[in-house]
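Colleague: I'm new to this one, could you walk me through it?
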Amino acid sequence: MEIEQKKHIFIGFGLLLIGFTLGLLVNSPASSDTPIEETEEVQEMHLVAYPGRSINYSQRFRDLNDKHLAAAKKIGLCPSPANREEAKQMKRQLREVTSCNNYVIDELTYSIPYLVPTAAARLDAIGAEFQDILSRNNLPSYRFRVTSILRTQDDIRRLQRTNSNSTAHSAHNYGTTFDLAYMHFEKTSKSNDYMTDDNLKLVLAQVLLNQQRDGHIYVKYEYKQSCFHITVRN
């Protein structure tokens with residue numbers, strides 16, 4: 001009998017301990033549907049926006065290819081370099097453009113990062129004005145992406161093998177033209193504020209509109225390529 005009593009006492013104590021442990025787990029904050037870390041991360045991020053007016057991009061930026069070509073032939077290379085090695089030797093006529101605080105040179109496939117000095121200076125001016133608008137409106141810093149620049153004759157032939165719609169007569173051949181992506185901007189400031197790609201697109205478009213009105217550039221809104229196609233005029 002004594003052994004049986006001890007056995008019942010031991011079993012009762014075990015059940016009591018299990019019940020107490022389950023009660024702690026049920027009432028624990030960690031059992032919430034939303035993890036604590038994720039909630040804190042969302043609270044730290046603050047969406048901000050450039051207060052500029054919306055723009056009809058396809059209507060504002062519709063300078064056609066003939067305008068781009070005429071400007072490119074006037075101030076650009078003639079003829080375009082045969083290949084990339086030849087372009088690298090044209091140090092007096094071309095300036096290499098590299099990623100900086102204002103923009104990022106994308107991983108180029110069918111072009112190389114060289115522009116005539118006038119076009120390189122205009123790209124720098126666009127980058128500086130983009131940062132100035134963000135700063136004046138107390139917005140976080142971002143960099144836009146340059147996705148296509150100078151195409152050599154070899155680049156054109158390679159591109160035509162993969163894209164039958166591409167043309168040999170492009171302003172990209174003259175070192176006067178570059179494409180700026182209007183999606184996937186890169187945040188450079190450490191603030192918790194952030195902006196949407198659509199709103200940053202509006203900031204970049206405002207810069208291009210200013211430059212276009214001042215007669216510095218031609219701009220074509222490329223919907224399929226998700227970029228602004230830009231040729232420098234002076």
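Modeller: What follows goes from the overall make-up to a few residues, and please keep in mind that this is a predicted model.

Colleague: Fine, how many helices and strands does the protein have?

Modeller: The protein has eight helices and 10 strands. Of its 234 residues, 39% are buried, and its accessible surface comes to about 14,400 Å², with 51% of that area belonging to carbon and sulfur atoms.

Colleague: What share of the contacts comes from residues 24 or more positions apart?

Modeller: If you take the contacts with a separation of 6 or more, 74% of them are between residues 24 or more positions apart.

Colleague: And the inside, how many residues does the largest nonpolar core have?

Modeller: The largest nonpolar core has 49 residues, and those with the most contacts inside it are Phe130, Phe144, Leu180, Leu208 and Phe228. At least two residues of this core come from each of β3, β4, α6, β5, β6, α8, β9 and β10.

Colleague: Which of those gives the most?

Modeller: That is α8, which gives eight residues to this core.

Colleague: Pick one of the core residues for me. What does Leu208 touch?

Modeller: Leaving aside residues up to four places away in sequence, Leu208 touches Phe61, Ile126, Leu180, Ile217, Val219, Phe228 and Ile230.

Colleague: Let's switch to α4. Which of its residues are buried?

Modeller: The buried residues of α4 are His68, Leu69, Ala71 and Ala72. They lie on the same side of α4 because they cover an arc of only 170° around the axis. On the other side of α4, Asp66, Lys73 and Lys74 are exposed.

Colleague: What do the buried ones pack against?

Modeller: The buried residues of α4 pack against β9 and β10.

Colleague: Is Thr231 buried or exposed, then?

Modeller: Thr231 has a relative accessible area of 0%, so this residue is buried.

Colleague: Now something else, where is Arg62 found?

Modeller: Arg62 is found in the loop between α3, residues 57-60, and α4, residues 65-75. Arg62 counts as exposed because its relative accessibility is 52%, and exposed here means over 50%.

Colleague: What does Arg62 touch?

Modeller: Not counting residues up to four places away in sequence, Arg62 touches Val219 and Lys220. Although Arg62 and Val219 are 157 residues apart along the chain, their C-alpha atoms are separated by 6.5 Å. The side chain of Arg62 also makes a polar contact of 3.2 Å with the side chain of Gln59.

Colleague: Last topic, how many disulfides does a search of the whole structure find?

Modeller: A search of the whole structure finds zero disulfides.

Colleague: And how accessible are Cys78 and Cys100?

Modeller: Cys78 counts as exposed, since its relative accessibility is 69%, whereas Cys100, at 26% relative accessibility, counts as partly exposed.

Definitions and conventions. Residues are numbered from 1 along each chain as its sequence is written. This is a predicted model: local features need pLDDT of at least 70, side-chain atom pairs count only at pLDDT 80 or more; totals for chains, interfaces and linings use all residues. Side-chain values use heavy atoms; hydrogens and water are left out. Helices (H or I, at least four residues) and strands (E, at least two) are DSSP runs, numbered from the N terminus. Buried means under 20% relative accessible area, exposed over 50%, partly exposed in between (1.4 Å probe, protein chains only). Contact means heavy atoms within 4.5 Å. A polar contact is a pair of N or O atoms within 3.5 Å; within protein, one must be able to donate a hydrogen and the other to accept it, and residues adjacent in sequence count only if both atoms are side-chain atoms. A nonpolar core is a set of buried Ala, Val, Leu, Ile, Met, Phe, Trp, Tyr and Cys residues joined through side-chain atoms within 4.5 Å. The arc is that of the directions from the helix axis to the C-beta atoms. Accessible areas come from the Shrake-Rupley method with a 1.4 Å probe; for residues, only the protein chains shown count as cover. A disulfide is a pair of cysteine sulfur atoms within 2.5 Å.
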